[in-house]
Amino acid sequence: MSQTVIAIDGPAASGKGTVSKAISEKLQFNYLDTGKLYRAIGAKYLEGYQPIAAARSLESNDLDKYDLQKPEIAQAASEIASIPEVRAALLEFQRNFSQKMPGAVLDGRDIGTVVCPDAKIKIFLTASLEARAKRRYVELNRHDKKISFETILEQIRQRDERDQTRRSSPMIAAKDAKIFDTSKLSINEAVDKVFNYIQTKI
Ligand code: CDP
């Protein structure tokens, strides 16, 4: 029997990471942040690796080797994420993960559309560009005071555009996804709304 899969997609800083983690903890499901896979390949690409080779040889300890939060790694991730062979190399791992007992939450850009099109529950989280840039600004400046709000906003804008317009698995809400706009919600409110919706479906 196939496991219950919850697909949570959306643009940068829409709240999907925090919401996905909280939902997976409430349900005791496995959780995969698929952005980390692309970020790790982006980090290797910045070190000089060829992206397709890096994707095909990705190992779990690659995810701990780098500071994957760095904005330059996010930018590199969105560049290598437009290469179809890179995406293809990650498919099997993500699909296998989604079928582990007792169920899984995966977050990313193409989970509901390509990775797990049969997911029982699909969520698409979004928020205004300004709200998302503000969140990322607060998050990043906890550690690193060097990056301005304007730079973050511009980087997220570029990344949104690249993620939405690429030919291979563009970021788009699945037809059967429930869309939540988190612009005006606190993180607790966003978690509650999504969790209430999931409970009606599970
Ligand atoms: O945390 P944030 O939303 O800023 O980014 P992320 O989820 O870590 O993803 C980083 C980049 O990886 C995105 O901008 C996408 O280009 C790419 N990505 C993707 O193409 N498909 C996924 N399933 C996850 C991430």
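**Local contacts, aromatic pairs and backbone features**

Leaving aside its neighbours within four places in sequence, V5 is in contact with S98, Q99, A104, L106, C116, A119, K120 and I121. In this predicted model, V5 is placed in strand β1, which covers residues 4-9, and with a relative accessibility of 4% the residue counts as buried. Between V5 and A174, which are 169 residues apart in sequence, the C-alpha to C-alpha distance is 14 Å.

A173 is located in the loop between α9 and β5 (178-181), and its relative accessible area of 24% makes it partly exposed. When neighbours within four places in sequence are left aside, the contacts of A173 are with T113, F124 and I179.

The packing of two helices was examined next. Helix α2 (residues 35-46) and helix α5 (residues 71-80) have axes that come within 7 Å and cross at roughly 100°; the two helices are therefore roughly perpendicular to each other. On the side of α2 the contact is made by Y38, R39, I41, G42, A43, Y45 and L46, and on the side of α5 by E72, I73, A74, A76, A77, E79 and I80. By residue class, the contact of α2 with α5 divides into 10 nonpolar, 1 polar and 3 charged residues.

A pair of aromatic rings is described by the distance of the centres and the angle of the planes. The count comes to 3 aromatic pairs, among them that of F93 and F97, whose ring centres are 6.5 Å apart and whose planes stand at 45°, so the pair is tilted. Both residues belong to helix α6 (residues 84-98), where they are 4 residues apart, about one turn of the helix. Because Y137 lies in helix α8 (residues 129-141) and F149 in helix α9 (residues 149-165), the pair ties together parts that are 12 residues apart in sequence. Y137 counts as partly exposed, with a relative accessibility of 33%, and F149 likewise counts as partly exposed, at 23%.

Aromatic rings are also approached by lysine side chains. The charged end of K44 sits over the ring of Y49, at 4.7 Å from the ring centre, while K178 lies over the face of F180, with a distance of 5.8 Å from the centre of that ring.

Several features of the backbone remain to be described. The peptide bond that joins M101 and P102 is cis, with omega of about 0°, and P102 is found in the loop between α6 and β3 (103-108). A positive phi, near 60°, is found for A13, a residue other than glycine; A13 belongs to the loop between β1 and α1 (16-27) and, at 8% relative accessibility, counts as buried. Q28, although not a glycine, has a positive phi of about 60°, and this residue lies in the loop between α1 and β2 (30-33). In contrast to the buried A13, Q28 counts as exposed, with a relative accessibility of 64%.

Key: Residues numbered from 1 in each chain as written. Predicted model: local features only at pLDDT ≥ 70, side-chain atom pairs only at ≥ 80, totals over all residues. Heavy atoms only, no water. Phe/Tyr/Trp six-rings, centres within 6.5 Å; stacked < 30°, edge-to-face > 60°. Buried < 20%, exposed > 50% of the residue type's maximum accessible area, 1.4 Å probe, protein only. Lys NZ or Arg CZ within 6 Å of the ring centre and 35° of its normal. Axes fitted to C-alpha atoms, helices over the stretch in contact; angles between N-to-C directions. Parallel < 35°, antiparallel > 145°, perpendicular 65-115°, else oblique. Contact = heavy atoms within 4.5 Å. Nonpolar A, V, L, I, M, F, W, Y, C, P; charged D, E, K, R; others polar.
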